There are 2 protein chains.
Amino acid sequence: MANISQKARLMPASAIRKLVPLSDAAKEQGVKVYHLNVGAPDIKSPSCALDAVKNNTMDHISYTNSAGLMELRKGMCEKYYKKIGIDLEPANLLMTVAGSEAVDMALKITCDQGDELVVMEPYYTNYNTFCFMNGITLKAVPTDIRDGFKVPPMSEFEKLITPRTKAILISNPGNPTGTLYSKEEVLALGELCKRHDIFLISDEVYREFCYTDQPHFSAMNIPGAEQNVILVDSVSKRYNLCGCRLGTIASRNADVMAAAMKYAQARLCPPVYGQLAAIGALDTPQEYFAAVREEYIRRRDFAVNALNSMPGVFSPLPMGAFYTIAEIPVDDAESFCRWMLSEFRVNGETTMITPAASFYKTPGKGINHVRIAYVLEVEELKKAMNILAKGLEAYPGRTI
Amino acid sequence: MANISQKARLMPASAIRKLVPLSDAAKEQGVKVYHLNVGAPDIKSPSCALDAVKNNTMDHISYTNSAGLMELRKGMCEKYYKKIGIDLEPANLLMTVAGSEAVDMALKITCDQGDELVVMEPYYTNYNTFCFMNGITLKAVPTDIRDGFKVPPMSEFEKLITPRTKAILISNPGNPTGTLYSKEEVLALGELCKRHDIFLISDEVYREFCYTDQPHFSAMNIPGAEQNVILVDSVSKRYNLCGCRLGTIASRNADVMAAAMKYAQARLCPPVYGQLAAIGALDTPQEYFAAVREEYIRRRDFAVNALNSMPGVFSPLPMGAFYTIAEIPVDDAESFCRWMLSEFRVNGETTMITPAASFYKTPGKGINHVRIAYVLEVEELKKAMNILAKGLEAYPGRTI
């Protein structure tokens, strides 16, 4: 009997997706499940993106350059990044199999096995997974839910930085918190990285989902940090094309991009249909983003108000992305989420949310936190939140 | 100044793609380049696959299950594998980002860092790349070009097997050799793996490209090796949809598939448009494969005859895939390939082929070997081979 590797055995299962078998089982019983667990929006993709795929005239789908089609890379620079004030040339970026691959590449490029990566907790759980896969130690600076998860003083980061620290990885706006960092916060992180000669990996896949009047400040625009910053970006997320699996890794550091190209070549090329959609998406009118933003603000306001009106529940008001982390009055959020899927129904319906403990490194933290993705229409959110409220009242392990 | 990781620095560049800048430069000078370097066929994809994408009615492209759409996994079992005599259920397979990801997953699942993988050389160069990325030691059993690269006696494998050997990885039919292994050879490898309690990873992405009258014998059909065999497969290759980036990892070993699912979840889902194409491709009529096969036999016969009629050149007659390895009378095949792209033209045209040294582990082996992908129409192949023959005559480092 051949045995699988120890690493494969110890590999963490996805915290976000591991409850899927329970929701599948509920659906098989005929239960309707409101999915607030995955960042899979129901918002329409721009028709220019969808049409670019539908109207293609290729008679076979061949490989592209490992970095992606030059037409797309040029278009990204000229039609997208330039417009939002980020100055890039095609040599500074290549197309990846979504943001996921860009994160994995950025980690491989910056950290050797045994090196350390610093993040803020709560963090996107797959940051930890990719660290595990690459033998990198993830260290987490705590942030505070009561404070809206804002960036702690740089001294808190300094405490964790050792000679093995090779990069700080931020998500801005943040998954899972929805927190949008200020220009000052991003500049301070850039200064810190420059001072320590380490990389700042900035995951900005939710850049177009910001709900303040101030423009998003990209780490790519930190003066003098050209050699330190690596940008993780996503076409899939930006245009509600999650399934296209197309993203970007970008840097003005030539060594970084040369290494990225080697990793890109090992997997041959990014998905071609996704690249076609991305080329089409470059013509997305500004009104599209404005309408999406308005819709998310409506959903966020509804969801966060509904959460804060439930006894013992607290959620900050997130200013970006489409998530919030809420504290809920239960013994253990994962048990609660499982119980909702397996046992609790309101008129044959239930709500699926994500337990947040695995978004934390510090043991015991986040045990009563959940991530809510407000990716449904307000009418649906109403029903989902009503079920959640009733579930919290009825849950045997409630703490109030 | 932040420095990239040592591993990223040492990461091997793609042997197949590293000459691309030279061919790009030639093209910019207006030179026509015949590409015999990449396995990117010019054959049309089945229209049922292309239409499935063009006629989709989705208004946004959401994630699918990390394992791929159930409709596709079921369809693969019932409409494809069953037809070719491989008995699989959806739980035995999941969809990957092409064969590349399936290979990477199979290595992660079977080998820890420092473990050993045994392959036959010459091997697909990215096997070595994925081993490097995962800290796995690749060991190679030599095969002989004069013998058509057939499987050596099992005693040659035994010599390399140590307690750290966790798997044997084969490519059948083979890239880069085009060699098709017999049922007896595959059974012997299965026996060997069972005896040593190690995995047999069988990369069968070229299964539909076999040029003998005997059916391809899949490692999935080795009796009693259910717990040892992991299948790597590719939808992209099979249907000339290379750019779709869609493949399969399959095994009847439940631990293997549970681990595969964890890796799949870390990258969220396989490309959705590729999955649509794959669902459409399930209706590909048998005549499609028959016509493709006939076309490749024509090309192979032409290419191999042309090669063997060049003084000092030897190529075996490959029975599968669309590659052959040829021995050429030069001091160093990489220098020759570079010289062809940079300096040699016939009426403003040149031919691009792949130096094969990086397909070998044994130092010095393959130094005068090249891989030829016979992926062009015979009329084009004629011109490409004529240029190659003239190049070999004119090359300053020729050895005859």
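1. Chain B can be superposed on chain A with an RMSD of 0.0 Å by a turn of 180 degrees, with a shift of 0.0 Å along the axis. The two copies are therefore related as by a two-fold rotation axis. The same surface serves both of them, since 98% of the contact residues of chain B recur in chain A. Note that this is a predicted model. In chain B, the residue that comes closest to the rotation axis is B:Lys54, whose C-alpha is at 2.1 Å.

2. On the contact between the chains: 63 residues of chain B and 62 residues of chain A take part. Several helices of chain B each supply at least two residues to the side that touches chain A, namely helix 1 (6-10), helix 3 (47-54), helix 5 (98-110), helix 6 (125-134), helix 10 (254-266) and helix 11 (272-281). Helix 10 of chain B gives the largest share, seven residues. By residue class, the side of chain B that touches chain A holds 31 nonpolar, 18 polar and 14 charged residues.

3. On the domains: chain A is divided into domain 1 (6-44 + 287-394) and domain 2 (47-281). The C-alpha centres of the two domains of chain A are 25 Å apart. Their contact takes 34 residues from domain 1 and 29 residues from domain 2. On the domain 1 side, helix 12 (286-308) and strand 9 (323-327) of chain A each supply at least two residues, and the largest share, five residues, comes from helix 12 of chain A. The residues on that side of domain 1 divide into 21 nonpolar, six polar and seven charged.

4. Strand 6 (residues 199-203) of chain A deserves a separate point. Five of its five residues are buried, so the strand is largely enclosed by the rest of the structure. A:Phe199, A:Ile201 and A:Asp203 point one way from the strand, while A:Leu200 and A:Ser202 point the other way.

5. What lies beside strand 6 of chain A? Strand 5 (residues 165-171) of chain A pairs with strand 6 in the parallel sense over five bridges. Within strand 6, A:Asp203 stands opposite A:Ser171. Strand 7 (residues 229-234) of chain A also runs parallel to strand 6 and is joined to strand 6 by four bridges. There, A:Ile201 has A:Ile230 as its bridge partner in strand 7. Strand 5, helix 8 (residues 183-196) and strand 6 of chain A together make a right-handed β-α-β unit.

6. Most peptide bonds are trans. The bond that joins A:Glu121 and A:Pro122 is cis, with omega about 0 degrees; A:Pro122 is in the loop between strand 3 (116-121) and helix 6 (125-134) of chain A. The bond from A:Asn175 to A:Pro176 is also cis, with omega near 15 degrees. A:Pro176 is found in the loop between strand 5 and helix 8 of chain A, two elements of the β-α-β unit described above.

7. Most residues other than glycine have a negative phi. Where in chain B is the positive phi of B:Ala98 placed? B:Ala98, with phi of about 70 degrees, is in helix 5 of chain B. B:Ala98 counts as buried because 32 C-beta neighbours lie inside 10 Å. B:Asn347 has a positive phi near 50 degrees and is in the loop between helix 13 (333-342) and strand 10 (349-352) of chain B. With 9 C-beta neighbours inside 10 Å, B:Asn347 counts as exposed.

8. B:Val330 is in the loop between strand 9 (323-327) and helix 13 of chain B. B:Val330 and B:Tyr395 are 65 residues apart in sequence, yet their C-alpha atoms are 7.9 Å apart in space. Leaving out residues up to four places away in sequence, B:Val330 touches B:Phe336, B:Asn368, B:Tyr395, B:Gly397, B:Arg398 and B:Thr399.

Notes. Residues numbered from 1 in each chain as written. Chains lettered and ligands numbered in written order. Predicted model: local features only at pLDDT ≥ 70, side-chain atom pairs only at ≥ 80, totals over all residues. Buried ≥ 20, exposed ≤ 12 C-beta atoms within 10 Å, placed from the backbone. Pairing = 2+ DSSP bridges. Right-handed = clockwise from strand over helix to strand, strands pointing away. Least-squares fit on C-alpha atoms with pLDDT ≥ 70 in both. Contact = placed C-beta atoms within 7 Å. Nonpolar A, V, L, I, M, F, W, Y, C, P; charged D, E, K, R; others polar. Domains from an automatic or database assignment.
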